[in-house]
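Colleague: Could you walk me through reading a model like this one? I would like to learn feature by feature.

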Amino acid sequence: MTLIKISKIYYGWLIVGALFLSSAIGVGTRQGFGVFVDTWGEDWEVNVSTISLAAAIGWLVNGLAAPILGQMADKYGPKRVLVFCTFVVSVGSILVASSFNVFTLSIYYGFLIAFATGTGGPIGILLSKWFKKRRGVAMGAVMAGGSIGSLFFVPLLTFITINFSWQLAWIMVGFFGLVLVLPLSIFVLKDKPDEILQSVESQSNNNETKVEDGPLWVDKWSNAYNSKPMWQLSIGYFVCGITTASISVHFIKWAISENISPYEAAFSFSILSAVNGISVIASGYFSDKFERKLILGMVYFVRGLAFLALILLTGKIALWTFAIVGGMSWLATVPLTTALTSEFYGYKKLGSLLGLINMSHQIGGAIAVLIFGMIYDYYGNYDLGLWVGVIALIIASLASFSIKEKQFSSRFYKPTEN
Amino acid sequence: MFFFKSKEKIVTNHHGDSINPEFAEWIVDFISHLSQNVLYVVFIFGIIFFIVFSILILFFSRKNQKK
């Protein structure tokens, strides 16, 4: 009986399951990069900054890959791009095990893996085509895969490295990719519902069969920049980049300046990831019930409160308030921005648009890392940088709240009948 | 000036995909102090979960496509 019920599950959820697993392994293992740094340093007799080069290259390549992979997904379909990327990431991981210096690591990790993990665009297209009413939850669930994967794979990789070797850890990652994720990408992913004669509306209980359309849907990606929502979403994502990158880099340094041990700060950051895993699904769920712009605006506002806590509170209270409140908003912007972009501009150039929005995120992050550091060097604390974060988040929140979703989104669009 | 100073310790990627020495140190320390047997059970259980999860997805997708 239960089996019959499960077999009637909407096919889109199987796609979510496949992408969840892909995200868990992909993001989870990349988050563990730092675990290997000391080992590589000892094996290759180099310092941390030299090994950081591979990650720095990876950061740039990942940012540039997003619009390229997005455009490829627009042209060839998201499935082909995702299968290709899964294969490259898996083989790249096995190749990392054969690295014998920073140069080979930079090629395998910094170029191959970093390029093939810029898949936000293809995933966004796929989920937008498969989900209409529960798009937010579907995208949130895939994002949560990354957080949950980090909680499992980072300790696993650490365990293997300590007890066996770092090479075995990377071979296992590649093996997981080739044996578990690649078959799922090949056999489960389908570019659109009609490939298996399923209607996108079959996920809902009513018999609505309205074809999705919107007043701003574009055939050329550049046309999207002639309308306000594209700028409002890009401003928000730019601020998202500023606030996440600055915290990722400077959080532990901030904790030390507050006389908190780096270990406790690192632990609180892992709690932030766990809270984020739950909140990203919750924000997706609520965005399917209400206007998405309201949830997006709230997410930026809540993150602003978390930043404010770092300024107004002190010591461990500030640390743990930030971990819980900040965790509630950390990755929640991604599914909301992706869903809104697809509903405002349609699917034809969605990959390119998501790639470009993601680039604004990366640019914001790069600028923030630099400016936060300069502020700390000049004033000896992060207060000014954190105030910049609060103000930027208020602007992002207002930009999101002011989006005219009911006017432009395909969710609410009712074409005039002649 | 700071740019080079900060890169010496930490480099980050999209949404915290980071090289974070303190975090790495903490996780290594944390794992080293846990019982080996407990870790083996947790990780084997986790891996089995991921394998069963992917087999179930494949099974139901084939079933769904055959209809």
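Predicted model: local features only at pLDDT ≥ 70, side-chain atom pairs only at ≥ 80, totals over all residues.

Colleague: What percentage of the residues in chain B is buried?

Modeller: Of the 67 residues in chain B, 33% are buried. Here a residue counts as buried if 20 or more other C-beta atoms lie within 10 Å of its own.

Colleague: Let's turn to chain A. Into which domains is chain A divided?

Modeller: There are two entries to look for: domain 1 spans 10–193 and domain 2 spans 221–408 of chain A. Their C-alpha centres are 22 Å apart. As for contacts, 29 residues of domain 1 of chain A touch 31 residues of domain 2 of chain A.

Colleague: Which helices of chain A each supply at least two residues of the side of domain 1 that touches domain 2?

Modeller: Those are H4 (48–76), H7 (120–130) and H8 (135–163) of chain A. H8(A) gives the most, with 12 residues. Sorted by class, this side of domain 1 of chain A holds 13 nonpolar, 11 polar and 5 charged residues.

Colleague: I often see interface size quoted elsewhere. How is the size of an interface often given?

Modeller: It is often given as the accessible area lost when the parts come together.

Colleague: How do I read a helix crossing, and at roughly what angle do H7(A) and H16(A) cross?

Modeller: Look at the approach of the axes, the angle and the handedness. The axes of H7(A) and H16(A), residues 350–379, come within 8 Å and cross at roughly 135°. H7(A) is therefore oblique to H16(A). The crossing of this pair is right-handed. Among the residues that meet are A:Gly121 and A:Ile125 in H7(A), and A:Gly351 and A:Leu354 in H16(A). The contact has 4 nonpolar, 7 polar and no charged residues.

Colleague: And is the crossing of H13(A) and H17(A) left-handed or right-handed?

Modeller: That crossing is left-handed. The axes of H13(A), residues 292–312, and H17(A), residues 383–401, come within 8 Å and cross at roughly 165°, so H13(A) is roughly antiparallel to H17(A). Contact residues include A:Phe301 and A:Phe307 of H13(A), with A:Trp387 and A:Leu393 of H17(A). By class, the contact divides into 14 nonpolar, 5 polar and 3 charged residues.

Definitions and conventions: Residues numbered from 1 in each chain as written. Chains lettered and ligands numbered in written order. Domains from an automatic or database assignment. Contact = placed C-beta atoms within 7 Å. Helix = DSSP H or I, 4+ residues; strand = E, 2+ residues; numbered from the N terminus. Nonpolar A, V, L, I, M, F, W, Y, C, P; charged D, E, K, R; others polar. Axes fitted to C-alpha atoms, helices over the stretch in contact; angles between N-to-C directions. Parallel < 35°, antiparallel > 145°, perpendicular 65-115°, else oblique. Left-handed = near helix turned anticlockwise from the far one by under 90°. Buried ≥ 20, exposed ≤ 12 C-beta atoms within 10 Å, placed from the backbone.
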